Amino acid sequence: MGTALRKARKVTREQRLPSKDVEATVNRAGGVSFDIKDPATKLITMTGGSFFAEPRFYSDETCVPARLPDGTFDKLDQRLQTIRKGASEILTVNACEELDTVAQDIINTAWAILSGKNPKDLFVIAHWLRQEMNIRLTPQVLLVLASRHPAGQPFVREYAPKIVSRPDEVKTCILLHRFFFGHKVLKNCLSAGLADVISKVGERGLLKYEGSQYPSWKDVLMVVKRHKDFPLPKAQDEYFRYGRISEEGTPIAYKRKLLTECDSFGVKAKKLVKESLANWEVVLSQFGHDKDSKSAVWEYLIREGLVGYMALMRNLCNLLKADISDDVVKLVVEKLSNRNEVLKSRQLPFRFASAYAMVSQAEGNSQKTRKFLDAIEDALDISCDNVMEIPGSTAIFVDNSGSMDNFVSEKSKVSCKMAGNVLAGMFAKRSKGDVWVCAFGNDVAEVRITKRSTVMSISKNLSTADTKGWSTNAYRCPQWLIEKGIKPDRVVLISDMQCWDSRGWGCDGKQFCDEWKRFKQTRKDSWLHSVNVQGYGDAVVKENSGNVILVGAFSE
């Protein structure tokens, strides 16, 4: 009798569990997922492929927690409550009210790393995010949090210059500290670390990000570590704190002052632009009053090499509107498609796709537009060289469901779908063995490619592939491999990982984790690379299930 009762209880318990796994939970879309228990791994999946505190498709209000067979709700609601409770113990009430649970979960996870055996891991991740993944803001968030934790404080000054790469990121740290903790006084480690960053910037770098809004450089200098000629020489310190200009001590500021007194963009103004190293924004604002003057300013700046790679790519539509001359168009094209310029520009791959989309819709000379488009397409292919060659056979599946139409940030026009499709194209180009490239939604749609296919063409074909609908039926990916008899060395899944089965919403339908296990029976040594492009903090398979790599990524 006892044995029969135990069996009955086991069957009942399994029926109540998604995917018959005691560790399974439910994601924000109502499908099966798994919590990532190692905080370092979790933080990597949440931050490498998303921006901090940006709106996501599945907000707290639009989560779809599934109901289990016994009528109780899944663990999602409990998880969200736990996230809010944890964040409230670290942040001000104001910060908790303004940040959604994904951002709060990032903060909790960072705090868990700092409270664990290897607090330095947090700094290694922040360094990786800023220098390798080219993510901004999130690394500064992690640095500021670490400055308030006793286990993190010994590493803050060492890592501050590695995490704070641009002068304006010093100001970001000041703002974050005030937002998170409600006051201006910094811990000594952060105060000294930011001072170290400022000391290496120089006058031009500080002038580039000078402004009247809080925090001004005066505000910054009042809270960071200061002593004689540190972080700035006396003349620069007096300029940024009191506005005192010296021709010898602050030569760039002095030249900029003379530039503001110029009425026209003549020989004198052009000479001062070069001597003062003025930003293109400053010059265009002062002298670009109409189409002709804008054209003259742009042409001068480009000929003199005063426009950086990122600024050039982001202003292609403005260059078309200004109708710059053919010889300057040639200079722009040469810079955009120059191998060394591309590789050192460290652009996120989707920036090329975004520029391509904007230029495609821009008004202006059609021949110049075509030249710009060709240059962008070439540049994106060149940027693939930042990716190591991928040996063996690879199957790539990229999520083209409805939730992937969400923009990567509030001000961006780049969707997660575009970012994912570009990454898929780059992986395909660098795969040296057999490669299969597919989009998935309701179903899987293969995109045929050749060695001559460009990343842009692969991305476009993925975006128009017929996936039979916009659900996130990721379970169809391993099923498709089984049906086709394909047994690749690795499977790359690019998605927001909020997967479910449109035929049986939530726990009642097919699940990726189960179908992946079934596929593994055909190829036990195949690897799964789960690339998360939204960072909700969960995974479609267990992190310790073998031959699985969990990562978040916008970058190659």
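**Nonpolar cores**

Begin by selecting Leu91, Phe180 and Ile494, the residues with the most contacts inside the largest nonpolar core, which has 92 residues. Such a core is a set of buried Ala, Val, Leu, Ile, Met, Phe, Trp, Tyr and Cys residues joined through side-chain atoms within 4.5 Å; buried means under 20% relative accessible area (1.4 Å probe, protein chains only). Next, show helix H5 (residues 101–114), which gives the most to this core, with 7 residues. Helices (H or I, at least four residues) and strands (E, at least two) are DSSP runs, numbered from the N terminus.

This is a predicted model, where local features need pLDDT of at least 70 and side-chain atom pairs count only at pLDDT 80 or more, while totals for chains, interfaces and linings use all residues. Residues are numbered from 1 along each chain as its sequence is written, and side-chain values use heavy atoms, with hydrogens and water left out.

Centre on Leu91: neighbours within four places in sequence aside, Leu91 is in contact (heavy atoms within 4.5 Å) with Cys96, Leu99, Ile107, Leu145 and Phe180. Then select Leu312, Ile324, Phe352 and Met426, which are included in a second, separate core of 49 residues.

**The sheet**

Colour the strands of the open sheet of 6 in the order E5-E4-E3-E6-E7-E9, where pairing is mixed (two strands pair if DSSP finds at least two bridges between them). E5 (444–447) and E9 are the edge strands. Strands E6 (residues 490–495) and E7 (residues 527–532) run parallel, joined by 6 bridges. Return to Ile494: its bridge partner in E7 is Val531. Val531 in turn stands opposite Val551 in E9.

How values were computed: Buried < 20%, exposed > 50% of the residue type's maximum accessible area, 1.4 Å probe, protein only.
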